[in-house]
Amino acid sequence: MLTPSPFAWVSQYLFGFFFAYGVYLPFWALWFEDQGVSAADVGLLMGLGFATRCVANLLITPRIHKAESILPALRWATLACTLFVAAHLATGPSFGMLALVTVLFNLSFGRWFHCQMQQRTTTQT
């Protein structure tokens, strides 16, 4: 069985996190703008996403602390994240639908990275 070092786990985590943020943050606002969303609403949607992740980190992450529940939570969060990204394509320029899907995406997006990091540190001990 492959047992990578903590350095490898953290390196993979940070690479994935910043790669996703490097794609998500700069281009997501441009996509909203391309959908016909006003600049003020784009800022509101992006801020809503950040706020959702902050609140989710405080409320959900502490509840996923058992080693046997981390991997299933990681799988469900990954599936949800994929579904909510795809749902953005079906919302059109409706601000309410974009806000709902953005909140749900960011809720699952934040969980995926934090559960992944927690899974990696749990398997190391």
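Predicted model: local features only at pLDDT ≥ 70, side-chain atom pairs only at ≥ 80, totals over all residues.
Taken as a whole, the secondary structure of the chain consists of four helices and zero strands, and from the N terminus on, its elements run in the order α-α-α-α.

Turning to the aromatic side chains, a search of the whole structure finds four aromatic pairs. One of them is formed by Trp 28 and Trp 31, which are stacked with 5.7 Å from centre to centre and 25° between the planes. Both of these residues belong to helix 1, which spans residues 6-34, and they stand three residues apart, about one turn of the helix.

Trp 28 has a relative accessibility of 15%, and because buried means under 20%, this residue counts as buried. The ring of Trp 28 also pairs with that of Phe 105: their centres are 6.0 Å apart and their planes lie at 20°, so this pair too is stacked. Here the pair links distant parts of the chain, since Trp 28 sits in helix 1 and Phe 105 in helix 4 (residues 95-124), 77 residues apart. Phe 105, at 4% relative accessibility, likewise counts as buried. Ring pairs link Trp 28, Trp 31, Phe 32 and Phe 105 into a cluster.

Definitions and conventions:
Residues numbered from 1 in each chain as written. Heavy atoms only, no water. Helix = DSSP H or I, 4+ residues; strand = E, 2+ residues; numbered from the N terminus. Phe/Tyr/Trp six-rings, centres within 6.5 Å; stacked < 30°, edge-to-face > 60°. Buried < 20%, exposed > 50% of the residue type's maximum accessible area, 1.4 Å probe, protein only.
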